[in-house]
Amino acid sequence: MNFLDYIKQYQKFVYNTFYNALKNNKVSQAYLIKGSDGAPVFECAKFLAKSLICDNSDFACNECIDCIRFDEGNYSDIKIIDGNAQTIKVGDIEELQVFLSSSSLEKKGLKIYIINELENANKESINALLKTLEEPYKNTYAFITTKNESKILQTILSRCQILNLLPIDKGIIKEEVIKQGVNIEDAEILSHLYSNTNSVIELSNSEIYNKCKSCLFSFLEALTISKEEALFVTQTSIVSQIKSKEEARLFFELLSLSFKDILYIQTNQTPTMQEKKNILEKLSKKYKNIQKYYLEIMLTRGKIEINISIALLLEHICIYIIKGGSN
């Protein structure tokens with residue numbers, strides 16, 4: 001399923017709003033695309049931005065030279081700041097302002113910028129961005145995304161048109177990606193974490209996902225054996241392999257899913273990860289008060305964005321679980 005089909009079928013408000021804006025030449029200078037964890041907000045921002053430079057159709061055709069150049073990162077008048085990869089700093093916004101103030105190099109004469117996951121920006125960069133939104137340069141368009149709207153200042157929200165990506169039934173996504181060749185285990189996990197088929201398929205083949213999944217499964221299995229084995233896996237696999245914020249976020253998402261599944265088993269509900277049900281059942285008998293572990297996982301995950309050492313956070317949560325909830 002291509003992205004146009006996705007928004008046309010599952011995100012009708014986004015489709016109709018942007019289609020009418022394009023048709024009537026009333027595209028807003030700033031959009032904020034919001035969604036829950038797993039929603040393809042970044043993909044949506046890139047697709048809508050690409051639609052502004054494509055001449056072949058209302059939305060991006062993905063086949064013309066400009067669409068291809070955009071996908072390859074070779075379109076001169078587009079700038080992307082990815083808050084999922086690293087914290088957005090004031091220097092990033094200052095570079096953006098220089099980019100916006102310079103002359104356009106492309107025939108369209110537009111300057112377009114995308115800021116992914118603005119919630120991962122520090123205070124100074126937010127203030128600098130606010131000034132840019134308050135006094136926009138001519139022929140500039142912004143696509144800002146967030147998966148945590150509560151962390152976005154009201155002054156930012158008030159200067160953007162809001163596009164909300166609605167959640168899609170996980171079963172539909174799972175069935176669709178299995179049809180397209182994703183194995184059942186990955187389909188179970190990723191359809192729970194991500195809300196569109198393209199993201200699931202792309203991630204199922206990624207090195208980051210497969211590394212994080214391998215670390216998680218090794219840790220869960222070690223927990224069923226002994227504390228010593230789990231500690232060994234923590235030091236030799238998890239802490240030594242998971243280095244970046246992107247990898248850490250994904251590992252914590254997988255870990256939280258695992259403990260949510262353990263709770264499901266304890267309350268006679270169906271777990272998401274059916275392929276790992278045997279290990280999860282063993283852990284459901286070994287660990288009680290699962291809500292406590294789940295809460296600590298989520299609290300620790302939140303500290304990724306405040307530049308605490310990734311290794312320390314991983315070590316903390318693993319040892320917390322190994323010791324049965326003791327710090």
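Reader: How are α5 and α6 oriented relative to each other, roughly parallel or roughly antiparallel?

Author: In this predicted model, α5 and α6 are roughly parallel to each other, because angles under 35 degrees count as such and these two helices, residues 90-101 and residues 123-134, pack at an angle of about 20 degrees with their axes 7 Å apart. The crossing of α5 past α6 is left-handed.

Reader: Which residues meet where α5 packs on α6?

Author: From α5, the residues V90, I93, Q97 and L100 meet E124, S125, A128, L129 and T132 of α6, and the residues of this contact divide into five nonpolar, three polar and one charged.

Reader: At what angle do the axes of α11 and α12 cross?

Author: The axes of α11 (residues 207-225) and α12 (residues 227-241) cross at roughly 170 degrees and come within 8 Å, which makes α11 roughly antiparallel to α12. Eight nonpolar, four polar and two charged residues make up the contact of α11 with α12; among them, F219 and L223 lie in α11, and V233 and I238 in α12.

Reader: How many disulfides does a search of the whole structure find?

Author: A disulfide is a covalent bond between the sulfur atoms of two cysteines. The search of the whole structure finds zero disulfides. The sulfur of C61 has its closest cysteine sulfur in C54, at 3.6 Å, which is too far for a bond, since the cut-off for a disulfide is 2.5 Å. For C67, the closest cysteine sulfur is that of C64, 3.6 Å away and likewise too far for a bond.

Reader: Is C67 buried or exposed?

Author: C67 is buried, its relative accessible area being 0%.

Definitions and conventions:
Residues numbered from 1 in each chain as written. Predicted model: local features only at pLDDT ≥ 70, side-chain atom pairs only at ≥ 80, totals over all residues. Heavy atoms only, no water. Buried < 20%, exposed > 50% of the residue type's maximum accessible area, 1.4 Å probe, protein only. Axes fitted to C-alpha atoms, helices over the stretch in contact; angles between N-to-C directions. Helix = DSSP H or I, 4+ residues; strand = E, 2+ residues; numbered from the N terminus. Parallel < 35°, antiparallel > 145°, perpendicular 65-115°, else oblique. Contact = heavy atoms within 4.5 Å. Nonpolar A, V, L, I, M, F, W, Y, C, P; charged D, E, K, R; others polar. Left-handed = near helix turned anticlockwise from the far one by under 90°.
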